[in-house]
Amino acid sequence: MIWLNVVIQGVLVGGFYALFACGLSLMFGVLKVINLAHGDMAVVAAYVAVFLTPHLHIAEIWSLLVVVPLFALVGYVLQRTLIQKSIDRDPFTTLLVTFGLSVVIENLLLEIYTANAQTVNVGAIGYESWHPGSIFYISYVSLGVLVAAVAVLAILQLFLSHTGTGRLVRAVADDREAAQLSGANYRHIFGIAAAIAFATVALAGIAYGMQTQFAPTSGGVNLLFAFEAVVIGGIGSLWGTLVGGIALGMAQVFGAHFNPEYQRLAGDVLFLLVLAVRPQGLFGKKTSLS
Amino acid sequence: MTLDNSNREAPALSIRRSNTSPLLTLTGSVVLVVFLTIAPWIVPSEWASVLLNFFILVIMATMWNLLAGYAGMVSIGQQAFIGLGSYATLYFALKGVNPFLTIPLATIVCAILAIPITFLLLRLRGGYFSIATWVVSDTALLIIGAIAYFGGGTGKLMPGLQDLSPSQTAHYTYLATWLVALIVVIGTYVLLRSRLGLVLASIRDNEVAARSAGVNVQSARRLIFIVAAAGCGAAGAVLAVSQPFIQPSSVFNIQWSAEMIFVSMIGGLGTIEGPIIGSIIFFALQQSLQQYGVWYLVIFGSLAVVIALWQPRGLWGAFRDRFHTELLPVGYRISHPTMDQVPRGLARSSWQSRFARKKDAP
């Protein structure tokens, strides 16, 4: 029964990691950019949700209807300006620029909203859970996040394989020059990929705020988990990211089962093991995205 | 005959390290070294403590510059070795060794710990490498934080410093830090002027060509990673001695990486002077904005982003290209008696040629 609990909680946590990581995976797969500011973007989305909704007179959970499109726009604009400029330079520069952005965002949040912890208020349902057995439980919020993660991944998959724009995104990811020769405006395609990535990160940030408290510095550790999920699952594989997230979540729950201090350590050890034994990840294919 | 002709027409080129007088540079360096050595006795104590933190940042940034600017490895996990250096110092001090004598020991420990880590990390390139360094530092933080002997997550007070008077401790700490910084900067200079420096320059300019010319890229990178780990370990050791309470969350903080990255980028990657200049700017900003919270980090980070995009050789790189001057030259310059200006081609830094090439790409 303990093992069943590890699996269930691991899958629930893994769903959240996959939601957090799919934007990262998309940016990496298409733009070949590792966005080190990804985690901080999620935290910004959560702050916007908490501090904007009183002005809109809606329940905090519905703030995602505003924040998600807003972030898609931010992603497109940021890609067409700063990120594209750094891609034109060097992969090295993209790392430095996104790292710089991450530190700037974190410290701006600290100055504006202080280090106090916040939460996205979802009402009474936030504390409720379903008890199918005597020793394990399933939190409704976590279950909702898992469902959202699977839905986002499925929609992304459908978008990439069945729409014209999705095919363009895959074409640019596979071979930028060839796609360009066929008339694709790769900068615009990059912008679309970044917009999708930022929309998912906004969703992930709000989901994070509903599950637990967050502070300006919460981005870093979540980015680490998202990276681990992406690398364990295999770069560029969307469903691999879900499997990677679940594997990471299960490792963490398993570690925490022995000692709460071992939760993060178990995840890190799994990541390093995968790197040592199978660096391309479980479902890693270097070129394709879907 | 043709040989004679070409000989007559060939200009008399002279190849030199530097176009400033070495004697002038040496005199300037000696004056600076003497001043910084006696500084704690002649400047106010709060200045001495700023200088001490400045030296620690110079050590870290010089090591990061060696990793990223010369060997192309963008590490965002160098705080692993800062933390390990601090805790190695703590370990030896708890065993009864004089804290100041533990600094070289901690440096060696970090170099040894880096060896197995290189076998895992050096298989990875670019962004993968960066993420993996971060995970390694997180793992180190979690393991150290779980050891009760070191006080777990709350940390422990550095023993062995309580017998000295506060002013003695301050002076000794200053001198130790200054000495480590001096060794690190001079050591980096010597390293880059050696055969390894040439190997690194060839890898940076064209890795495939370097490989085909028989350069062992992997072992050069491994050596640089170990040297940078040792240097950051030394920085961690002096940090541990200078702020005697050691806590995992502060010594393993990613903030260290942020500072060393920004300082190197702003000062100028791929130059020895760059990280030092960047550190001066960092402390100037921090000291003048200290009543405004963390705004200095916001400004410094934005400045780093702007410089990475529009001035990738940093402030020192821009200055050097404008005035053709170097304080600590590691390359060679070719000069011609009939020309006042140094011909650009060969004296050009590899960063310049690298980015000049990349700029043209679509």
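Trainee: In which loop of chain A is the place of His57(A)?

Mentor: This is a predicted model, in which local features need pLDDT of at least 70, side-chain atom pairs count only at pLDDT 80 or more, and totals for chains, interfaces and linings use all residues. Residues are numbered from 1 along each chain as its sequence is written, while chains are lettered from A and ligands numbered from 1 in the order in which they are written. Helices (H or I, at least four residues) and strands (E, at least two) are DSSP runs numbered from the N terminus, and on that basis His57(A) sits in the loop between α2 (38-56) and α3 (64-89) of chain A.

Trainee: Is His57(A) buried or exposed?

Mentor: A residue is buried if 20 or more other C-beta atoms lie within 10 Å of its own, exposed if 12 or fewer, and partly exposed in between, with C-beta atoms placed from the backbone. His57(A) has 6 other C-beta atoms within 10 Å, so this residue is exposed.

Trainee: Where is Thr114(A), and what is its phi near?

Mentor: Thr114(A) lies in the loop between α4 (91-113) and β1 (129-130) of chain A. With 12 C-beta neighbours inside 10 Å, Thr114(A) counts as exposed. Its phi is again positive in a residue other than glycine, with a value near 60 degrees.

Trainee: How many residues of α9(A) are buried?

Mentor: Helix α9 of chain A covers residues 218-233, and its 16 residues reach 23 Å from the first C-alpha to the last, close to the 22 Å expected at 1.5 Å a residue, where the expected span is 1.5 Å times one less than the number of residues. Just after α9(A), Gly234(A) takes a positive phi of about 115 degrees. The helix is largely enclosed by the rest of the structure, because the buried residues number 14 of the 16.

Trainee: What radius of gyration does chain A have?

Mentor: The radius of gyration is taken over C-alpha atoms, and the globule rule is 2.2 Å times the number of residues to the power 0.38. The C-alpha atoms of chain A fill a box of roughly 60 × 50 × 35 Å along the principal axes, and buried residues make up 55% of its 290 residues. For 290 residues a compact globule would have a radius of gyration near 19 Å, and chain A agrees with its 19 Å.

Trainee: Which element gives the most to the side of chain B that touches chain A?

Mentor: Chain B has 17 helices and four strands, and the contact takes 36 of its residues and 36 residues from chain A, two residues being in contact if their C-beta atoms, placed from the backbone, lie within 7 Å. The elements giving two or more residues to that side of chain B are α6, α12 (254-267), α14 (295-310) and α17 (350-360). The largest share, 11 residues, comes from α6(B).

Trainee: Which residues does Gly152(B) contact, leaving aside its neighbours within four places in sequence?

Mentor: Gly152(B) is found in the loop between α6 (126-145) and β2 (156-157) of chain B, and it counts as partly exposed, with 15 C-beta neighbours inside 10 Å. Leaving aside neighbours within four places in sequence, Gly152(B) is in contact with Gly145(B), Ala146(B) and Ile147(B).
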